[in-house]
Amino acid sequence: MIRSKLLFCALGFFFPGAGFNCLYLQGLKSYWGWLQFAAIIGGISGWIILSTTELGSFAGWFLLTLGFISIEASFLTTIAYGLRSGERWDAEFNPGISPEKATQTGWSTILLVIFCLVFGAALMMSFFAIAFEQFFISQLIEARKLSQ
């Protein structure tokens, strides 16, 4: 089976953190794909926990952080593999492919890589801003408790 770089990048962009792009490349034996899938399920669980506990649960923050790391790792692997040369892609994922069917990196692949970079950076900045804000709010609440 010929592995498409465009399909790999599309899976990484449209389903970040789910591990589908890793499972596409390596099949069901991809431990990294399953690890990402478990982490994104944990992240969703963490989001649900935090929404019901008014952002006050350590377990919720921990699980949400795992989901965040999974999404960022998916964006990074999409960027790294999407920018690989066609020859290197074929050598690793399509060995023995004929030269007329060699992988070409088109504009659609490059655009998906750019979108992964933009959305990954925006997500990272948003996550850190919210996390630091919640940390400082919790410090203010504790300081008020001590001063009373």
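1. A pocket here is an open set of grid points with protein on both sides within 12 Å along at least five of seven lines, and a lining residue has an atom within 4 Å of a point. The model is a predicted one. By that definition of a pocket, the largest pocket has a volume of about 340 Å³.

2. Lining of the largest pocket. There are 17 lining residues, and those nearest the centre are Trp47, Leu64, Phe68, Leu123 and Phe127. At least two lining residues come from each of α3 (31-52), α4 (58-82) and α6 (107-147). The biggest contributor is α3, with six residues. By class, the lining holds 13 nonpolar and four polar residues, and no charged ones.

3. The second largest pocket. Its volume is about 260 Å³. The lining consists of 13 residues, with Leu55, Gly56, Trp61, Gln134 and Ser138 nearest the centre. Both α4 and α6 supply at least two residues of this lining, and α6 provides the largest share, six residues. Eight of the lining residues are nonpolar, four are polar and one is charged.

4. Packing of α4 on α6. The axes of these two helices come within 9 Å and cross at roughly 155 degrees. The pair is therefore roughly antiparallel, since angles over 145 degrees count as such. The crossing is left-handed. On the α4 side the contact is made by Trp61, Leu64, Thr65, Phe68, Ile71, Glu72, Phe75, Thr78, Ile79 and Gly82. On the α6 side the partners include Thr109, Val113, Cys116, Leu117, Phe119, Gly120, Leu123 and Met124, as well as Phe127, Ile130, Ala131 and Gln134. By class, this contact has 15 nonpolar, six polar and one charged residues.

5. Packing of α1 on α6. Helix α1 (residues 5-14) packs on α6 at an angle of about 25 degrees, with the axes 9 Å apart. That angle makes α1 roughly parallel to α6, because angles under 35 degrees are counted that way. The crossing of α1 and α6 is left-handed. From α1, the contact uses Lys5, Leu6, Cys9, Ala10, Phe13 and Phe14; from α6, it uses Ser108, Thr109, Leu112, Val113, Phe115, Cys116 and Phe119. The contact comprises ten nonpolar, two polar and one charged residues.

6. Packing of α1 on α4. Here the angle is about 160 degrees and the axes are 9 Å apart, so α1 is roughly antiparallel to α4. The crossing is left-handed. Lys5, Phe8, Cys9, Gly12 and Phe13 in α1 meet a set in α4 made up of Ser74, Phe75, Thr77, Thr78, Tyr81 and Gly82.

7. Residues taking part in two contacts. In α1, Lys5, Cys9 and Phe13 belong to the contact with α6 and also to the contact with α4.

Technical notes. Residues numbered from 1 in each chain as written. Predicted model: local features only at pLDDT ≥ 70, side-chain atom pairs only at ≥ 80, totals over all residues. Heavy atoms only, no water. 1 Å grid on protein atoms, 1.4 Å probe; cavity = no way out; pocket = protein on both sides within 12 Å on 5 of 7 lines; lining within 4 Å. Points joined across faces, edges and corners; volume = space filled by probe spheres on them. Helix = DSSP H or I, 4+ residues; strand = E, 2+ residues; numbered from the N terminus. Nonpolar A, V, L, I, M, F, W, Y, C, P; charged D, E, K, R; others polar. Axes fitted to C-alpha atoms, helices over the stretch in contact; angles between N-to-C directions. Parallel < 35°, antiparallel > 145°, perpendicular 65-115°, else oblique. Left-handed = near helix turned anticlockwise from the far one by under 90°. Contact = heavy atoms within 4.5 Å.
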